[in-house]
Amino acid sequence: MTTPRDQLTALFHAALAAADPARIIPPALDTLTPPAGRIVVIGAGKASAAMAQIVEQHWADHADRISGLVVTRDGHAVPCRHIEIVEAAHPVPDARGRDAARRMLEETVANLSEDDLVLALISGGGSALLALPAPGITLEDKQAISRALLKSGATIGEINTVRKHLSAIKGGRLGLACRPARLVTWLISDVPGDDPSLIASGPTLADPGTCADALAILARHRVDIADAVRHHLESGAGETPKPGDGWLDTADVRCLATPQMALEAAAACAASMGLHAHILSDAIEGESRDVAFTHAAIARQVADRGQPFRPPCVLLSGGETTVTVRGTGCGGRNVEFLAALAHALCGHPQIHALAADTDGVDGGAELAGAIIDPHTSERARALGRPILTVLDDNDGHGLFQALGDSLDTGPTLTNVNDFRAILITAPTP
């Protein structure tokens, strides 16, 4: 690991490895007693197909009893023999996700018995992939609301609160349909705070949110909604099963991978390279450029004052920031963060950084993120693309592709949200 770029890349890959389904699913299966009846695997999310594949491989002795249906993002499917894998669009839902959700609800989990086990494999991205509109609401209604919220700067918690109350399957409704089978939900968390009911909009978990919450979020972000959507929410028809209401409270729910686990793995990797690692938070939210300015101030204090940490060291953080898209670029919260960070650092000679989405897709580009160095702003100006202009146009991906600094991982088959690492080297003597 001779260069800062090599070191930052190694930290990112250590974080990804900590959330790899091949690593986290087998130990969980070893603690789960196979049922007397059927093993029905359902799931949604960018990691769900990979999770299902490991279930089949690890429980090969029970293959004759395994069946199911999982919905994943385009390009994230992996081969399974007994569990059907369907690909659908993300982040704006499409008819494939709608149709798969309907079949899951009406066919896959129908006619179960107390001897059966339903294993729900849920990861980030499942909200858009498992898109079955509530009665009276169209797929087009949900698509329009999704697009507007994604551009508005709404948090993932806000977006998923709205999604639950416009759905026939999310917010615990799929879980209720699994009765009377035993229900086990395994999660890979991509939400700040790891609230299970927010991950993929909690299709198998009770929901504390309300229709009034959803209406308030839509109003706050000035999202226009169809009359049918407004009536659905105002009438209370979209209310979800609540905690304490009954059967869902007895289900087994576990987070098998979280952003904190990924950051801790990166910190251990840093230690192996002789670097002190400091985890700032696993749940940072806010506008990407504002978060970048705060990180830049901390990094400069470390580099220039040796406070609160002495260099060389690395600052790690996770969570999910937002981008309010006003320009013609495709957004991308990690590249927006990096562009703003480079601007705020003013070419500080000791500071390098990486920011990427652990699912391999940042915003509207099929790229995970990027890396910056002390010369990023200078190189951007030389290309005729000053950083502030890039930020005004929300075109971080365009800039970092032009600089050759993009991170292209392809589908990682996991998702523990954003990963940020700021490397502060020792001052040159």
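Reader: Which residues does Thr322 touch, not counting residues up to four places away in sequence?
Author: In this predicted model, Thr322 sits in the loop between strand 8 (313–319) and helix 13 (333–345). Leaving aside residues up to four places away in sequence, the residues that Thr322 touches are Gly153, Ala154, Thr155, Gly286, Glu287 and Ser288.

Reader: Which backbone oxygen lies 3.4 Å from a polar atom of the side chain of Thr322?
Author: Gly153, Ala154 and Thr155 are among the residues touched by Thr322. A polar atom of the Thr322 side chain is 3.4 Å from a backbone oxygen, and that oxygen belongs to Gly153.

Reader: Does Thr322 count as buried or exposed?
Author: The relative accessibility of Thr322 is 10%. The cut-off for a buried residue is under 20% relative accessible area. Thr322 therefore counts as buried.

Reader: What is the omega of the peptide bond that joins His90 and Pro91?
Author: Pro91 belongs to the loop between strand 3 (83–88) and helix 4 (95–108). The bond joining His90 and Pro91 is cis, and its omega is about 10 degrees.

Reader: Where does Pro180 lie?
Author: Arg179 is linked to Pro180 by a cis peptide bond with omega near 5 degrees. As for its place in the chain, Pro180 is found in the loop between helix 8 (173–177) and strand 5 (182–188).

Reader: What is the relative accessible area of Ala200?
Author: Ala200 is in the loop between strand 5 and helix 9 (211–220). Its phi is near 55 degrees, a positive value in a residue other than glycine. Ala200 is buried because its relative accessible area is under 20%; the value is 3%.

Reader: What is the phi of Asn417?
Author: Asn417 is placed in the loop between strand 11 (406–407) and strand 12 (418–424). The residue is buried, with a relative accessible area of 0%. Asn417 is not a glycine, yet its phi is positive, near 75 degrees.

Reader: What radius of gyration does the chain have?
Author: The secondary structure of the chain comprises 16 helices and twelve strands. For 429 residues, a compact globule would have a radius of gyration near 22 Å. The chain agrees with that figure, having a radius of gyration of 22 Å.

Reader: How far apart are the mean positions of the positive and negative charges of the chain?
Author: The chain has an accessible surface of about 16200 Å², and 50% of this belongs to carbon and sulfur atoms. Its charges number 35 positive and 51 negative.

Technical notes
Residues numbered from 1 in each chain as written. Predicted model: local features only at pLDDT ≥ 70, side-chain atom pairs only at ≥ 80, totals over all residues. Heavy atoms only, no water. Helix = DSSP H or I, 4+ residues; strand = E, 2+ residues; numbered from the N terminus. Rg over C-alpha atoms; globule rule 2.2 N^0.38 Å. Areas by Shrake-Rupley, 256 points an atom, 1.4 Å probe, with all protein chains shown as cover. Lys, Arg positive; Asp, Glu negative; His and termini not counted. Charge placed at Lys NZ, Arg CZ, Asp CG, Glu CD. Buried < 20%, exposed > 50% of the residue type's maximum accessible area, 1.4 Å probe, protein only. Polar contact = N/O pair within 3.5 Å; in protein donor to acceptor, adjacent residues only side chain to side chain. Contact = heavy atoms within 4.5 Å.
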